[in-house]
Amino acid sequence: MGCNEGGLTSSVSGSQLTPQREDLLEPQTFSEIPFDIRGCGCFFARDSSGLANKQFIFVSDMDKIAVIRLNNAFSLMYKTGSSNLNEFDVEEKYQNSEYSMALKIREEGSLGSNRFRKSGSIQILDAKGLSRVIPFVGYCGLY
């Protein structure tokens with residue numbers, strides 16, 4: 001799969017909003033990709049309808065940066081680890097100063113050239129010890 005490395009190229013719209021309920025770990029959807037992924041990344045939504053309408057809850061550059069929106073604010077996350085669960089499935093870990101995440105990502109098959117269907121779960125943990133697990137569907141590859 002020929003994907004270029006992505007990098008942060010602009011500010012995230014809405015990132016200046018103040019969280020209204022800090023104890024809520026409910027990912028909010030967004031449709032605008034907030035960083036330059038150079039045509040390649042992972043795009044996860046709550047369900048197939050959300051995915052079809054580009055209502056993402058998580059996006060990554062498939063390398064080291066990811067974005068999730070919690071409490072009305074975008075959180076830039078950095079990959080801290082990745083391990084294979086089996087031949088096709090992986091677990092990835094991300095972290096920033098406020099949250100840590102563990103993603104279990106299952107390979108569901110090819111969607112054509114350079115695009116692969118995925119499903120799994122995101123576990124979000126905040127600094128207060130609150131935790132939430134959210135199932136997702138999506139794909140990795142060309143946007």
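1. Buried means under 20% relative accessible area, exposed over 50%, and partly exposed in between, with a 1.4 Å probe and protein chains only. By that cut-off C140 is buried, at a relative accessible area of 6%. C42 is buried too, at 8%.

2. Some ground rules. This is a predicted model, in which local features need pLDDT of at least 70 and side-chain atom pairs count only at pLDDT 80 or more, while totals for chains, interfaces and linings use all residues. Residues are numbered from 1 along each chain as its sequence is written, and side-chain values use heavy atoms, with hydrogens and water left out.

3. The disulfide. The structure holds one (a pair of cysteine sulfur atoms within 2.5 Å). C42 and C140 form it, with their sulfur atoms 2.0 Å apart. The torsion about the S-S bond is about 110 degrees, so the disulfide is right-handed. C42 is in strand β1 and C140 in strand β8, 98 residues apart, so the pair links distant parts of the chain. Helices (H or I, at least four residues) and strands (E, at least two) are DSSP runs, numbered from the N terminus.

4. Aromatic pairs. Rings of Phe, Tyr and Trp (its six-membered ring) pair if their centres lie within 6.5 Å; planes under 30 degrees apart count as stacked, over 60 as edge-to-face and the rest as tilted. The count comes to six aromatic pairs. In one of them, F43 and Y139 have ring centres 5.2 Å apart and planes at 40 degrees, so the pair is tilted. F43 lies in β1 (residues 40-45) and Y139 in β8 (residues 131-142), so this pair ties together parts 96 residues apart in sequence. F43 is buried at 0% relative accessibility. Y139 is buried at 7%.

5. A stacked case. F44 and F58 have ring centres 5.4 Å apart and planes at 15 degrees, so they count as stacked. This pair also links distant parts of the chain: F44 is in β1 and F58 in β2 (residues 56-60), 14 residues apart. F44 is buried at 0% relative accessibility, and F58 is buried at 1%. Together with Y94 and F136, F44 and F58 form one aromatic cluster.

6. Charges over rings. The criterion is NZ of Lys or CZ of Arg within 6 Å of the ring centre and within 35 degrees of the ring normal. The charged end of R115 sits over the ring of Y139, 3.9 Å from its centre. The charged end of R69 sits over the ring of F74, 5.5 Å from its centre.

7. Nonpolar cores. A core is a set of buried Ala, Val, Leu, Ile, Met, Phe, Trp, Tyr and Cys residues joined through side-chain atoms within 4.5 Å. The largest has 20 residues; F44, F58, M101, L103, I122 and I124 have the most contacts inside it. Elements giving it two or more residues include β3 (65-70), β5 (90-95) and β7 (115-126). Its largest share, four residues, comes from β6. A second, separate core of 10 residues includes A45, L51, V59 and V67.

8. Backbone points to check. K54 is not a glycine, yet has a positive phi of about 55 degrees. K54 is in the loop between α1 (48-52) and β2, and is partly exposed at 40% relative accessible area. N71 also has a positive phi, near 55 degrees. N71 lies in the loop between β3 and β4 (73-84) and is buried, at 6%.
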